[in-house]
Amino acid sequence: MTLMRTTGAPWRLPRALGPAAVGIGLALFAGAPAAFAAGPTPAKGDVAWMAISTILVLAMSIPGLALFYGGLVRTKNMLSVLTQVFAIVCLAAMIWVCYGYSLAFTDGGSLNSFVGGFSKAFLAGITPESTAGTFSNGVVIPELIYMAFQMTFACITPALIVGAFAERVRFSALLVFVGLWLTFIYFPMAHMVWYWAGPDAVAAAARELAAATTDTAKAAAQIKLDAVNADAGMLFKWGALDFAGGTVVHINAGIAGLVGCLIIGKRIGYGRELMAPHSLTMTMIGASLLWLGWFGFNAGSNLEATGGAALAFVNTFVATAAAALAWMFVEWAFKGKASLLGLVSGAVAGLVAITPAAGFAGPMGSIILGLVAGAICFFFCTTVKNVFGYDDTADVFGVHCIGGIVGAIATGVLVAPALGGVGLVDYATNPGTASPAAYVMATQVWAQIKAVLFTIVFSGVGSAILFKIVDLVIGLRVSVEEEREGLDIADHGERAYNY
Amino acid sequence: MKIVMAIIKPFKLEEVRDALTALGVHGLTVTEVKGYGRQRGHTEIYRGAEYAVSFLPKVKIEVAVPSAMVEATVEAIAGAARTGQIGDGKIFVTSIEKALRIRTGETDDDAL
């Protein structure tokens, strides 16, 4: 779960001011400390931790995900996968700073339950002094690093999708699709799950309510507290927990991948020709880098360098190892051999599953989750895929969507204090501190299931519409000759390997 | 002059080279090839996808020798490459019409 609410003064130099005016601006800054003394200032440790986490998540996409997927395709398409992932990361970063961050993490007015507005388009009003809230009262981080951290999530999510229809998608069509998908699917999803007023806003409103003495004042304060609580995305208000992006990132990308591979169709020769991974060495390197980067993804989503980050860190370690072993042993039992691809696929399935639960579950609960996710994802990537016959090149659906669903629903169970989880948090009862909130497993699991179902329908239908539009306007798929030749030469005029 | 061409198991290459060197054969061409004979292939499983891989990696060696040395060469290769297991490979002998060493212009037996 990540959140957003800026505090402190939205103070910035007018654009028209040239370098000569900066000195005056700084003088004003120095002369007006009162404007900044009001809000908390970021701790250096938190800033450093978030900067490192941001780099780690970037490393998940490039080179991690690119190599993980790249190793799974045939030699003639290796370079195309690397190019697609790298280009998507760059494109998403540009869109994010232009309007993505604003659509995800600002108040969207009448549409606030679904999507943000354009008030921070082109990072308007965000200065080095701007801060974003965390999950602790009175603790903030620079909004710029918060924005950059969230940017890496917007970079990797659309890149996850390409694995589903690798080896046949047209590069130009893919870029257009990614631009549309981020705008109409990802930013609203991020807003609906992660946008809320923040602990300080809740505490301030709750304090006001507690201080109110007359009935009129109480009623007014209650209205204000309700307004603060209502200032959040729809899934957040449903009470759905998603620590680091089980719904927003993995189910979202996984279902889009499935829809995409169904609309684009199977690769030529699928099921008849040899389509073995060209380099499981690359895939193993990629999976290992994903694991490494995922510490930033999950523990960084704590937004502070605290014990909560340490919990997410440990969970990211043990759930992954458990899932890798689960896949390995299940495959060993059913197929006769323990495979490297099975081991690393299980690791990624475990990483996906622990993502929504990383800051909520306890380590032992995380291990159980990893074991279950590894076995279920194995079943989907082997049996279910073969029964339905869809050509999901790198098993984006089987690993990310299914792993995400398992993790999202399990989060509702594993958050239970009785099971070693951290429980739910209430910022209003004792304003200024995070108190334990009432937890009912059935209620929480239902909230999780609702969020999962909503994500599947919203992203599944929305992605299908976008794929169809791009297919009609540009054409999603390369020609038969280009597919035979390989996308490396056909789309990029290069080869991955020249030896 | 004859060309002795042998398809052997890749891990037997060094032993074959040693045997030929002991025989006094100077020069050998090696190619990595794929193919199948009675050994047929094997099954590979990548997640849910099972592939019958019918072409197995082998090494093809080619060595040109004077006619008088053919029998010894064939025996040396066969002796070094044999494991007794299926898939040890095959040896073929064909005639050479002409040979020429590019650097010196020597021909036929002198060029070998």
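## A tour from helix pair to chain contact

Start with two helices of chain A: α10(A) passes α16(A) in a right-handed crossing (the near helix is turned clockwise from the far one by less than a right angle). This is a predicted model, where local features need pLDDT of at least 70, side-chain atom pairs count only at pLDDT 80 or more, and totals for chains, interfaces and linings use all residues. Residues are numbered from 1 along each chain as its sequence is written, with chains lettered from A and ligands numbered from 1 in the order in which they are written.

**Stop 1: the helix pair.** Select residues 246–264 of chain A for α10, then 441–473 of chain A for α16. Helices here are DSSP runs (H or I, at least four residues), numbered from the N terminus; strands are runs of E, at least two. The axes of α10(A) and α16(A) lie 8 Å apart, at an angle of about 40°. Axes are lines fitted to C-alpha atoms over the stretch in contact, and angles run from 0 to 180 degrees between N-to-C directions.

Now show the contact (C-beta atoms, placed from the backbone, within 7 Å). On α10(A), pick residues including Ile251(A), Ile255(A) and Val259(A). On α16(A), pick among others Val452(A), Ile456(A) and Phe467(A). The contact residues divide into 10 nonpolar, 7 polar and 2 charged. Ala, Val, Leu, Ile, Met, Phe, Trp, Tyr, Cys and Pro count as nonpolar, Asp, Glu, Lys and Arg as charged, and the others, Gly among them, as polar.

**Stop 2: the core.** Select Leu65(A), Tyr69(A) and Val85(A). They are among the residues touching the most other members of the largest nonpolar core, which has 160 residues. Such a core joins buried Ala, Val, Leu, Ile, Met, Phe, Trp, Tyr and Cys residues through C-beta atoms within 7 Å. Buried means 20 or more other C-beta atoms within 10 Å of a residue's own, exposed 12 or fewer, partly exposed in between, with C-beta atoms placed from the backbone. Next, colour α4 of chain A, residues 78–105: this helix gives the most to the core, 14 residues.

**Stop 3: an exposed residue.** Go to Asn498(A), in the segment after α18 (487–492) of chain A. Asn498(A) has 5 C-beta neighbours inside 10 Å, so this residue counts as exposed.

**Stop 4: where the chains meet.** Show both chains. The contact takes 7 residues from chain B and 13 from chain A. On chain B, select β3 (42–46) and β4 (49–53), which each give two or more residues. β3(B) supplies the largest share, 3 residues.

How values were computed:
Contact = placed C-beta atoms within 7 Å.
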